[in-house]
Amino acid sequence: MTPFTTSHPRLVAALAVLTTAALVLAPFFVREANLRLMIEIFTVFTFAQSWNFLAGYVGLMSFGQQLFIGLGAYFVFFVSNTLGLSPFLLLPFSFVFCAGFAALAAPFVFRLRDAYFAISIWVIAEVVRLFISQRDWLGSVSGLPLVATRGMDRSFVATTNFYFAAALVLISVFGLYALSMSRLGLALSAVRDNEGTAAAVGINVWWTRFFGFVLGCGIAGMAGATYYMSVFHVEPGGAFDPNWMVVMMFIVIIGGVGTIEGPIIGTAIYFLLRGWLAGTGNLYLMLLGAAAVVVMLVAPKGIWGVVRTRFGIDLFGTRRRSPVAQKFHQGVR
Amino acid sequence: MAPVLQVQNLSRRFGQIVVAHDLSFAVAHGECLGIIGPNGAGKTSVFNLLAGVIQPQAGRILLNGEDITSLSQDKRTSRGVGRTYQVPQPFGQLTAFENVLTAASYGGRLRGAKASERAAEVLALTGLSRKADLPAGGLPLLDRKRLELARAMALSPCLLLLDEIAGGLTEAEVHELIVLILAIKPSLAIVWIEHITHALSAVADRILAINAGTRIAEGVPAAVMADAAVQEIYMGAVLNVAAVG
């Protein structure tokens with residue numbers, strides 16, 4: 001049986017303070033090129049974490065998370081170019097826009113279950129990609145440039161972008177931790193594990209799932225906008241590319257679904273492999289796939305699952321210990 | 001004072017299958033109503049109607065005099081309807097404590113430390129304290145059965161629906177369970193579906209026998225067990241099952 005795991009809220013709070021400090025100071029010590037790489041790593045991590053949140057915490061398996069990456073990016077690019085507003089001001093609204101889109105789609109896609117649900121979001125992503133590809137006012141297939149940042153100082157743009165990416169990392173690590181420790185987090189786990197029983201303990205299953213879906217999609221959208229703002233150009237083929245989904249699933253599956261640590265490890269492995277396999281062309285996607293298959297066969301709970309079981313480390317564990325058992329263990333000591 | 005549960009002319013059919021036909025019964029505070037009937041008689045479906053999983057096509061359900069027929073399952077739970085499942089349905093990845101805590105903090109409407117205390121209390125009541133921090137999905141059957149009861153009790157319900165809670169337990173465990181249910185009985189109303197009739201007779205004030213969703217007999221346990229129609233249908237069906245098995 002799984003050994004006791006427990007929560008360390010104080011340790012996590014200390015870690016949150018340290019991480020925040022390190023991220024705030026980073027632009028003063030890191031070169032601009034490395035800052036850009038960090039933005040990419042941070043946003044790709046957030047993509048993966050948003051999918052991990054939906055699959056491992058809410059119990060919704062989506063195959064179309066690239067939909068929100070593209071929507072968030074297009075929202076910021078289009079509104080900024082059209083109204084002449086700063087894209088940095090618009091970034092938080094990309095969350096609102098994507099969350100709103102998810103909220104409107106929810107009543108329809110929630111009628112579908114499991115594989116049908118997963119594919120339905122993919123279908124919507126393809127429809128949106130084709131829609132944008134055929135609209136000249138959205139740049140059609142060649143996409144949109146980001147006009148507003150052209151006149152701005154390069155290092156200002158890189159630093160500001162970095163801070164948004166850093167904020168996303170903090171949200172998707174410590175925000176997710178806080179959410180899973182909350183009463184609402186308990187309801188999300190309950191709905192994920194058994195929706196019939198969740199209703200039988202007084203949880204409104206539909207609204208709980210709705211909240212999780214909207215939140216996860218909004219975060220993916222904001223990360224998508226941040227990612228594409230750092231490359232100054234968005235086009236439908238890239239932003240709505242199903243390969244985003246492959247990357248997210250690779251990171252989450254090899255790291256460990258339903259954990260906070262898993263995607264951190266997965267993201268590190270993904271970027272290391274990508275560095276080593278650069279220049280192998282399409283072969284690199286196949287090698288990523290092969291690595292994911294091996295991990296799934298050897299360790300279905302991912303690398304973090306193995307580490308947690310073997311060494312009993314569970315930094316971001318959210319187990320609520322019972323008062324009775326606490327007394328019991330104090331007695332034993 | 002109105003009875004805790006009043007069921008009035010409840011009917012529901014799925015095509016040709018009748019799970020409830022013009023069923024009426026009532027249960028008062030401190031009382032236990034047993035429901036018996038052969039397999040497929042519609043017992044669990046009656047619970048699903050009471051809990052709000054399925055909607056009746058006719059009839060009304062009143063809880064403490066208020067009509068709850070159109071309320072969703074989670075709203076009924078918050079008003080005090082607690083249920084256990086025949087096949088235990090825990091939140092598998094959560095611990096036993098977290099399973100019960102979820103019930104205390106949602107349907108039970110308790111916050112923070114009060115919810116934890118209530119959860120610990122019902123785990124102690126059902127003898128699960130030592131296993132409180134183990135994942136519920138890995139618990140053996142008896143403990144998962146106990147967890148069903150603990151989770152329902154954490155809601156502090158006014159109406160408790162027990163679905164074959166004694167099924168699969170040893171004689172000694174059934175006895176323990178009877179003692180436990182007798183202890184909680186004065187504080188709420190119980191409807192108990194059970195095949196283990198001696199357990200039911202020890203606790204229930206009245207027994208309702210149903211077949212094809214229809215009432216066959218109702219009354220004190222001894223009288224219902226002795227009823228000719230009950231013996232023919234209920235025991236007959238049991239013999240048939242035994243012959244097939």
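Begin by colouring chain B by burial: 49% of its 245 residues are buried, a residue being buried if 20 or more other C-beta atoms, placed from the backbone, lie within 10 Å of its own. This is a predicted model, in which local features need pLDDT of at least 70 and side-chain atom pairs count only at pLDDT 80 or more, while totals for chains, interfaces and linings use all residues. Residues are numbered from 1 along each chain as its sequence is written, and chains are lettered from A and ligands numbered from 1 in the order in which they are written.

Next, show chain B as a cartoon. Nine helices and 10 strands make up its secondary structure; these are DSSP runs numbered from the N terminus, helices being H or I of at least four residues and strands E of at least two. The C-alpha atoms of chain B fill a box of roughly 50 × 40 × 35 Å along the principal axes.

Now select strand β1 (residues 5-14) and strand β4 (residues 58-63) of chain B. The two pair in the antiparallel sense over five bridges; strands count as paired if DSSP finds at least two bridges between them. Within this pairing, Q6(B) stands opposite L62(B) of β4(B).

From β4(B), move on to strand β5 (residues 66-67) of chain B, which pairs with β4(B) in the antiparallel sense over two bridges. Which residue in β5(B) is the bridge partner of L63(B)? The partner is E66(B). Finally, centre the view on N64(B): in the hairpin of β4(B) and β5(B), with two residues between the strands, N64(B) takes a positive phi near 50 degrees.

Methods
A residue is buried if 20 or more other C-beta atoms lie within 10 Å of its own, exposed if 12 or fewer, and partly exposed in between; C-beta atoms are placed from the backbone.
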